[in-house]
Amino acid sequence: GWYRGNAIGTDLSGQSNTLTVTGTSAGAGANGKATTLFNGTTDKATIPSFSLPSPTGVSMAICCNIKSGISFAAICAYNGNGHTLFEDPSGFGDASHTAYVNGGSNFTPAVNLNPTPTGFKRLITTEDNTTPFNMFYYVNNVASGAAVASATRIATAQVFTVGARDASSSPSNIDVAEVCVYAGVLSVSQVGRLDAYYKDRFGL
């Protein structure tokens, strides 16, 4: 899936994973490119059955500006109890930000995503091919740790949501420039190229 802020529901990847958009408004923009603002209460963009070719795991990348810290808010999620980027998981008992994977395994990244200082951030998660696998989390191309998760890969055709979790819960107040979702693992070099693309496109 490949989504840009000027039309957040349109899948540019050719895979026809069109998102149904509820609410949202025009964001502040980034480097002259349109963005989409999610209000942190009712706004979301979701598809109930996001198609991946095989259960080989999932990688997600998003360039967004976190507008305000909301407890346990989800930036984007593939299977809400699976692979989710959380904005402010105070429910985990810490004040930092984290990624949450496969029903409970989580870790706190070295780079805090607190809304201060403000600005667009480049967030990427991916998995490796070990069993049980590790999930890696990058903030602005800085690797921020890993968590051992379930040995079972996330199944195909799960709900995918931007701006919330499980299509409705844990909404987040974010300004989104672009979102990419990949089947399988991203290598370190692929993460670097994707991060460089976001950095160049959005003037970061």
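Rings of Phe, Tyr and Trp (its six-membered ring) pair if their centres lie within 6.5 Å, and the planes of a pair count as stacked under 30 degrees apart, as edge-to-face over 60 and as tilted for the rest. A search of the whole structure on these terms finds five aromatic pairs. The model is predicted, so that local features need pLDDT of at least 70 and side-chain atom pairs count only at pLDDT 80 or more, whereas totals for chains, interfaces and linings use all residues. Residues are numbered from 1 along each chain as its sequence is written, and side-chain values use heavy atoms, with hydrogens and water left out.

Among the rings, Tyr3, Phe50, Tyr78 and Phe160 are linked into a cluster by ring pairs. Tyr197 and Tyr198 form a tilted pair, at 5.6 Å centre to centre and 40 degrees between the planes. The pair of Tyr198 and Phe202 is also tilted, because the ring centres lie 6.3 Å apart and the planes stand at 45 degrees. Both Tyr198 and Phe202 are buried (under 20% relative accessible area, with exposed over 50% and partly exposed in between, for a 1.4 Å probe and protein chains only), while Tyr197, at 29% relative accessibility, counts as partly exposed.

Phe160 also belongs to the largest nonpolar core, a set of 26 residues in which Ile62, Phe160, Val162 and Val176 touch the most other members; such a core consists of buried Ala, Val, Leu, Ile, Met, Phe, Trp, Tyr and Cys residues joined through side-chain atoms within 4.5 Å. A second, separate core of 13 residues includes Ile124, Ala177, Cys180 and Phe202.
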